[in-house]
Amino acid sequence: MSKRSNIKITALLVLSAGLMAAAATAYLLAFYYRHICFQMLGGFCESIIEKNPNARQDVLGLLKRTDENIFLNKSQEHILSKLGYDPSNLGITDTAIVWSAVFVFLAGGILFFFSFWYVHKKSSARIQTLTDYLEKINTGDHGLLLDFCEDEFSRLQDEIYKTVTSLYQTRDAAITARNNFAENLSNIAHQLKTPITSISLTIQMAKEYLGDIRDAKMSQGHTSIECKMHANMKDIEQQINRLMHLEEALLLLSRIDAGILTLERRPTDVFTILTLASDNLQELFARKGVCLDVPEMGEIEILVDLDWTMEAFMNLMKNCMEAAQTDTTVHCSYEKNPLYVQIRIWDEGDGFAKEDLPHLFERFYRGKKAKYTGIGIGLSLSKAIIEMQNGIIRAFNLQNGGACFEIRFYACQK
């Protein structure tokens, strides 16, 4: 509502309150006058009886009669009028005053409630406008609050607009920072690729050259030197493979951060995903002497991307394998309820260190018990892939020992 409308409404409210107050006063005065008339009539009758005691029965008889003509004869001139009296001299009022008071009171009440209803309607409309605006913001609509009015909601509207504008700016800055971070990761990964490729080619040429030397020279001394060089070459190859893995991981992280990782989600059986992940890790598990148990627990489907979900499960299985002892088993299980599908992967080791639990899914974090040369992004990638498919993951220690990863894919898919 505008300022002018507020003045009009205020005037109506004051007027209605004044009418109601005037009507109430008139109504009370009417009752007061009636009481005065009753007292005057009583005194008049008492005076007559005192002057003439024999007239007592006649006076009482007249008072009990309900015929108005006895007290007010309209066809003849009133005796009091003949004597020069009128109702104002005796303080007598007419019933018209009462009805007028009632009418004025009702009119004031109607006017008051109309004014109240109008104010309530306008306030509700303003509140609904602000509510609709916030709902649009929550659904991603970049609308502007164009209905500016000078009323009691103006300050609230102004603060909401400022807050929303500030949130837009903060969000845009966060998106820009995220895109810059993703771009930097991608640039670093691409910059790593060139020297890694060059070093790989150099190592390959060096291995071929050493092979030629070994064929040409068969002395023991030379063979010992060549064995050491081959061992050094093997170490260099391992580091190169690690760099290549880091480069691939950085590219994947940059795609996730930029929101451009494409997931082709289709209904897929959980047992199929776990089996494929297990098959890809059989050689690695056999080399460590650890078994991998994937039981058949019925057909349960989840809406996921098969390849990326399998990659996430492989990272979790490898993490359990690295913490497990030789001749132990990494277990898998899955079940379904009306809300979600739950998948568990756990080992028979000592479990996670207490200080590691809050940081397990942070990028480049390596636990204090880590024995291998991982770069600390496998669990972070698994978490990102699972959460992008309406899932959650948590890690905890089992009561009887062992580290456990629990994944839940919720039935209400996004």
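Visitor: How many salt bridges does the structure hold?

Guide: Happy to start there: this is a predicted model, where local features need pLDDT of at least 70 and side-chain atom pairs count only at pLDDT 80 or more, while totals for chains, interfaces and linings use all residues. Residues are numbered from 1 along each chain as its sequence is written, and side-chain values use heavy atoms, with hydrogens and water left out. A salt bridge here is a side-chain nitrogen of Lys or Arg within 4 Å of a carboxyl oxygen of Asp or Glu. The number of salt bridges in the structure is six.

Visitor: In which strands are Arg-344 and Glu-406?

Guide: The side chains of Arg-344 and Glu-406 meet in a salt bridge, at 2.8 Å from N to O. Helices (H or I, at least four residues) and strands (E, at least two) are DSSP runs, numbered from the N terminus. The pair links distant parts of the chain, 62 residues apart, with Arg-344 in strand β5 and Glu-406 in strand β7.

Visitor: Is Glu-406 buried or exposed?

Guide: Buried means under 20% relative accessible area, exposed means over 50%, and partly exposed is in between (1.4 Å probe, protein chains only). Glu-406, with a relative accessible area of 3%, is buried.

Visitor: Which residues are linked with Glu-406 in a network of salt bridges?

Guide: Glu-406 also forms a salt bridge with Arg-394, where the closest N and O atoms are 2.8 Å apart. Glu-406 lies in strand β7 and Arg-394 in strand β6 (residues 391-397), so this pair ties together parts that are twelve residues apart in sequence. Arg-394 is partly exposed, with a relative accessible area of 41%. The residues linked with Glu-406 in the network are Arg-344, Arg-394 and Arg-408.

Visitor: What separates Lys-383 and Glu-387 in helix α12?

Guide: These two form a salt bridge, and their closest N and O atoms are 2.7 Å apart. Lys-383 is partly exposed at a relative accessible area of 25%, and Glu-387 is partly exposed at 40%. Because they are four residues apart in helix α12, Lys-383 and Glu-387 are separated by about one helical turn.

Visitor: How many aromatic pairs does a search of the whole structure find?

Guide: Rings of Phe, Tyr and Trp (its six-membered ring) pair if their centres lie within 6.5 Å. Planes under 30 degrees apart count as stacked, over 60 as edge-to-face and the rest as tilted. With those rules, the number of aromatic pairs found is three.

Visitor: Why is the pair of Tyr-340 and Tyr-410 edge-to-face?

Guide: The pair links distant parts of the chain, with Tyr-340 in strand β5 (residues 340-346) and Tyr-410 in strand β7 (residues 403-410), 70 residues apart. Tyr-340 counts as buried at 15% relative accessibility, whereas Tyr-410 is partly exposed at 28%. The ring centres are 5.5 Å apart, and the pair is edge-to-face because the angle between the planes is 70°.

Visitor: Which residues do ring pairs link into a cluster?

Guide: Phe-361 and Phe-405 form an edge-to-face pair, 6.4 Å centre to centre with 70° between the planes. Phe-361 lies in the loop between β5 and α12 (378-387) and Phe-405 in strand β7, so the pair ties together parts that are 44 residues apart in sequence. Both Phe-361 and Phe-405 are buried. The cluster linked by ring pairs is Phe-352, Phe-361 and Phe-405.

Visitor: Which residues is Ser-380 in contact with, leaving aside its neighbours within four places in sequence?

Guide: Ser-380 is found in helix α12 and counts as buried at 8% relative accessibility. Contact means heavy atoms within 4.5 Å. Leaving those neighbours aside, Ser-380 touches Phe-361, Glu-362 and Arg-363.

Visitor: How many disulfides does the structure hold?

Guide: A disulfide is counted as a pair of cysteine sulfur atoms within 2.5 Å. The sulfur of Cys-320 is 7.7 Å from the closest cysteine sulfur, in Cys-404, which is too far for a bond. Cys-320 counts as buried at 1% relative accessibility, while Cys-291 is partly exposed at 47%. The number of disulfides is zero.

Visitor: How far does helix α11 reach from its first C-alpha to its last?

Guide: Helix α11 (residues 306-323) has 18 residues, and Phe-313 and Cys-320 are among its buried residues. The expected span of a helix is 1.5 Å times one less than its number of residues. The expected 26 Å is close to the reach of α11 from first C-alpha to last, 26 Å.
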